[in-house]
Amino acid sequence: MIVDLETILLFLLAAVVVIVSTRWVAERTGLPAAALLTVIGIGYALLPGPNVTLDPAFVLTFVIPPLLYSAALDSSLLAIRRHLRTVVSLSVALVLATALLIGAGFHWFVSGATLAAGIAVGAAVAPPDPVAALAVGRKVGLPPRLITLIQGEGLLNDATALTILSVAVAAAVGGGFSAPAAVGQFLLAAAGGVLIGVLVAYGVRLLRPLTTDPLAANAISLATPFVAYLIGEQLHVSGVLAVVVAGLIVGHNAPRAGSGASRLQTSAVWRLVDFLLEGCVFLLIGQQFPQVVRGLLQYDASTVVIAVAITVGVVLLFRPLWLMATQSLPRSLHTRLGGDSDLANPTARGRRNAERLTGREVVALSWSGTRGVISLAAIFTIPLVTDSGAPFPDRDLLLFCTFVVVIITLVGQGLTFAPLVRLLGLRANTIDQARLRNEARAASVEAALARLDELEELEEDEDAEAIAAMRGHLHTRLARYQERIDLLDTADSPTMPVSPRYEAAVRIRHTAIDAQRAELVRWRDAGRLPDEGLRVLERELDHEERLLPDRP
């Protein structure tokens, strides 16, 4: 156990170096950073020297809430609502079925294993961790529909799995198993978590006057997931679900709350939190390898092989079978994938086609079920002994099975997901997305022009010049957006069309901003401009540059 503060600091600094370096390698090779970090963690664990042991309570309290909250902030509440039946099918029904199937397999085929212990490991490995899949999916241009399904599933399945795990552990340690009581406990935990999440989001809304200050907005945002989690856990409901619901509602209301500066800064802070926390947890996963392997010495090789085969087999095979089965169910059962109706396609046949995922989409969604730190943190929460003082049945075997599933899915599926998506030819329609965004920009400019017309009738004469100047600026922007829309409408290929005049304008503006920034630095170096003034003026240029598209 590491207790020396300087050693802890050294580990943290080394972890940051590894995370940054791995991200650099991942960006240039196309390999998923999550898989690379896990492999690096395993490699370090095999070396002599001190190691870091996973503390599940620390992970569940300090790591999981901010990661889930950040993912919820970036999700679309409306999109998840449109696909709610599919999300519930994957995040509740599939998780429950996976846990029960693995539990039955352990009970029937693993010597000495109990049903409760099997359900416990099944609950731990059932929820996919979408971090790696989403990172790869966004990079290769996965369609928004699949991104939404992966996000929605990943947000809600953890609460399902952790609730099932708590019920199974209670039965295994001596509390007895009762199906009605288990269902009641699950429903109570889920309903309570949703209620707490709504109340926390409402509390954040009451603090809206404070969020105009970027620093206060960041402090409130960083505290929110921990508040939701602690209240949920103290009331013995799902703190994880409370975090997710609070994040979805706060993210949905964010465009109406706070200032632009607050939103920019809060977004940047959460990107940094995600980057560091995700990197650390994937390194941590790999470093648990020696501890998990040491616990296998008490088991026969055949027992280990059978247990691992059941766990891995169910995780890899049952998901695609579930997806194909729910795809073929009748509409009346409301479990068909993509259950939202297509208002733009009102015919019965059109609705059926709109509600179905294609075979290629089912394959991609089947292979997106990577497991991660949630699974390991969950299985490590299993107690060492039962109520009678006896060792928890097969705890070390359960740990190893979970670790194998995490490694196989995180490394195996993580490394092959991008090539699979490319092979399937699944790509978002970037032209449609760009057209929609430019149409929205044009609509916002037209709304601003209409508001200027109203002001012109109300304001004094001395404001006419300012209104005219702003109207000219908005007309210039509107013409640029309309030109872009016309170019997208005439595109005859799936690749994004390029306007030479637009590209030249972007390049020239970047060049001009670089020249302005260099001149300000020369003024500072010559003693004509204080550093405080340089930072203010440079921030203005930074915000202007942020509005431009990224160019090499």
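**Close-up views of a predicted protein model**

**View 1. Residues 334-354, where pLDDT stays under 50.** In this predicted model, residues 334-354 have 41 contacts beyond four places in sequence. A contact means heavy atoms within 4.5 Å, and pLDDT is the predictor's confidence in each residue, from 0 to 100. Where pLDDT is low, the predicted coordinates should not be read in detail. Confidence is lowest in helix α15 (residues 348-355), with a mean of 45, and highest in helix α10 (residues 214-234), at 92. Helices (H or I, at least four residues) and strands (E, at least two) are DSSP runs, numbered from the N terminus. For the protein, the average pLDDT is 82, and 90% of the residues score at least 70.

**View 2. A nonpolar patch on the surface, formed by Val 16, Val 20, Leu 272 and Leu 276.** Together these residues have about 300 Å² of accessible area, computed by the Shrake-Rupley method with a 1.4 Å probe, where for residues only the protein chains shown count as cover. The elements that give two or more residues to the patch are α1 (5-29) and α12 (260-287). Patches are made of residues with over 30% relative accessible area and no salt bridge; like charges are joined within 9 Å, and nonpolar side chains (Val, Leu, Ile, Met, Phe, Trp, Tyr) within 5 Å. A salt bridge is a side-chain nitrogen of Lys or Arg within 4 Å of a carboxyl oxygen of Asp or Glu. Val 20, in helix α1, is partly exposed, with a relative accessible area of 44%. Buried means under 20% relative accessible area, exposed over 50%, and partly exposed in between (1.4 Å probe, protein chains only).

**View 3. His 236, in the loop between α10 and α11 (239-253).** His 236 is not a glycine, yet has a positive phi of about 60°. Most residues other than glycine have a negative phi. His 236 counts as exposed, at 69% relative accessibility.

**View 4. Asp 394, in the loop between α17 (373-380) and α18 (395-424).** Phi of Asp 394 is positive, near 60°. Asp 394 is buried, with a relative accessible area of 15%.

**View 5. Thr 303, in helix α14 (residues 301-328).** Leaving out residues up to four places away in sequence, Thr 303 touches Val 110 and Leu 397. Thr 303 counts as buried, at 13% relative accessibility.

**Notes.** Residues are numbered from 1 along each chain as its sequence is written, and side-chain values use heavy atoms, with hydrogens and water left out. In this predicted model, local features need pLDDT of at least 70 and side-chain atom pairs count only at pLDDT 80 or more, whereas totals for chains, interfaces and linings use all residues.
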